[in-house]
Structures are given as C-alpha cells and as structure tokens.
Amino acid sequence: MVYRRSSASSDLLIAADGSHSALRPWVLGFTPQRRYAGYVNWNGLVEIDEALAPGDQWTTFVGEGKRVSLMPVSAGRFYFFFDVPLPAGLAEDRDTLRADLSRYFAGWAPPVQKLIAALDPQTTNRIEIHDIEPFSRLVRGRVALLGDAGHSTTPDIGQGGCAAMEDAVVLGAVFRQTRDIAAALREYEAQRCDRVRDLVLKARKRCDITHGKDMQLTEAWYQELREETGERIINGMCDTILSGPLG
C-alpha cells in the first residue's frame, strides 16, 4: 500500500475510510455514484435549556416534510438537527444559516425558534444527505470494506455508526474462528452483505416518508405520531438492533 509517498505492508487491510472511500473502487471494480436523498441536514450542539426541550429526553418536531430534533448528550448539551427537503447545490453557508432556517421554519413552535436563535452558525454543520446503492461484495482478496465505505446510508434510522460497529463485531468473530484470512473475509462478507443492504434500503424508505416524497404517506405517518406513546418507536429500534449480529 502506498499513501502520500510512504508505503506499508500487511497481511490484511480494513478499508474503513468513509463514504468517500478511496479504496472502495478497487474492492468493487468500479466507482459507485452517491445518490442525493433529497434533503439538507444542519446539525450541531447547544447547551441544554428547558425552554428548548426537556433535558432528559429526545424531542422531535415534524411537519411539511421537515424535521427538527434535540437529544441530550454529554456535558450538559443537546445534539440538534434540522432537516429540510431542498435541491442539491444551493448557495447557502454559515453566513446565511440563521436566516435560512428562520425562513424554512417560519411559523413553527416557539422552541424551534429559540433553537435557531441559540445555535452558533460557526459550529453548525450543513450537509446534503446522500446514500449509495447497496453492494453485492465487501471484500477483494485481503481487503475488506467496513462502515460507510461498505454501506453508505442516510441517517434516517440511526444505523450508520451502529452498522459499522456490527461490522467490527462480525469481523472479530470470524477471525476467532479461523486464522485463514481469505476464508475469514469471505465469511465476513457472507454475513454482512444482506444485513447492510437491508439497513440501507430501510433507511431510504424511512427517509422518503419523513421528508415528504409522497405527502400522502407522510401525512399518514403524522397521524400515527399523534397517537404514538413512544413504545412502538422503541420497539422498532429494538427490532432493528436485535435482527442483527448482536441479537
């Protein structure tokens, strides 16, 4: 392997170099195209403030195919995000961020307006969300794809990082069973391809419903949420996790 004029050799290479993976084309034999999912996500951190949301729960606002969410993380902070269906390539940046969000969420609930006022545009990320069609292979020779390099997905079911951890668990398990690297990687691929394909496509389906690709389906989901106690959502998350290698 040669990287920036230096080289290294090993018996095994795990390509965990993200959704823009430089090694993925070599493993697949072609360069896959990223697919724009149809929405922009802004995300960042703010201090927990009960005027925004309770500090001990995950809070989400939805409407018009858009979404705003806050969840408590470490050090007395909320992780927040905004989703808005938009064309790709708009000329928006941190200088226009607060005005852009105020326009997209005009008339939304007071906590949403307070969040827009509280966020720091200089530390808020703006991301056009993409995924990639699932692959039929994750391994070539002694090189294996792991994480977003092998299954770049939208974040709509929260399984991007989780799937990468599953990859690592399975990879460790197959190497405990054999020291034959090629055989271990073939088994890793056999165990992971269908699983990660299902997660990518499940996230894509949820993405389309959440972001109003068919507003009739989205409105039906809103009606379900009006009657939701939270139990069905938690059960759905558990089912997703338990249907994988950790179940």
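Mentor: Let us begin with how a record is read: UniProt positions follow the numbering used here, feature names are shortened, and annotations may be inferred rather than shown by experiment. In this structure, the UniProt annotation "domain: FAD-binding", from an unreviewed entry, covers residues 9-200. The model is predicted, so local features need pLDDT of at least 70 and side-chain atom pairs count only at pLDDT 80 or more, whereas totals for chains, interfaces and linings use all residues. Residues are numbered from 1 along each chain as its sequence is written, and side-chain values use heavy atoms, with hydrogens and water left out.

Trainee: How many helices and strands are there in the protein?

Mentor: Helices (H or I, at least four residues) and strands (E, at least two) are DSSP runs, numbered from the N terminus. The protein has 7 helices and 10 strands. The C-alpha trace of the protein spans about 60 × 45 × 40 Å along its principal axes.

Trainee: What percentage of the residues of the protein count as buried?

Mentor: Buried means under 20% relative accessible area, exposed over 50%, and partly exposed in between (1.4 Å probe, protein chains only). Of the 247 residues, 40% count as buried. One of the buried residues is Pro-32, with a relative accessible area of 13%; Pro-32 sits in the loop between α1 (24-28) and β4 (34-47). Ala-75, by contrast, counts as exposed at 68% relative accessibility.

Trainee: With which residues is Pro-32 in contact, leaving aside its neighbours within four places in sequence?

Mentor: Contact means heavy atoms within 4.5 Å. With those neighbours set aside, Pro-32 touches Arg-24, Ile-132 and Phe-135. Pro-32 and Phe-135 are 103 residues apart along the chain, yet 9.1 Å separates their C-alpha atoms. For the whole protein, residues 24 or more positions apart account for 68% of the contacts with a separation of 6 or more.

Trainee: At what angle do helix α5 and helix α6 pack?

Mentor: Axes are lines fitted to C-alpha atoms, for helices over the stretch in contact, and angles run from 0 to 180 degrees between N-to-C directions. Angles under 35 degrees count as roughly parallel, over 145 as roughly antiparallel, 65 to 115 as roughly perpendicular and the rest as oblique. Helix α5 (residues 181-210) and helix α6 (residues 215-226) pack at about 90°, with their axes 7 Å apart; α5 and α6 are therefore roughly perpendicular to each other. Arg-206, Asp-208, Ile-209 and Thr-210 of α5 meet Leu-217, Thr-218, Trp-221 and Tyr-222 of α6.

Trainee: How many aromatic pairs does the count come to?

Mentor: Rings of Phe, Tyr and Trp (its six-membered ring) pair if their centres lie within 6.5 Å; planes under 30 degrees apart count as stacked, over 60 as edge-to-face and the rest as tilted. The count here is 6 aromatic pairs. Among them is the tilted pair of Phe-82 and Phe-105, 5.4 Å centre to centre with 55° between the planes. Phe-82 lies in strand β7 (residues 77-85) and Phe-105 in the loop between α2 (97-104) and α3 (110-118), so the pair ties together parts that are 23 residues apart in sequence. Phe-105 also pairs edge-to-face with Trp-108, at 4.8 Å centre to centre and 85° between the planes. Phe-105 and Trp-108 are both buried.

Trainee: Which residues form one aromatic cluster?

Mentor: Phe-80, Phe-82, Phe-105 and Trp-108 do.
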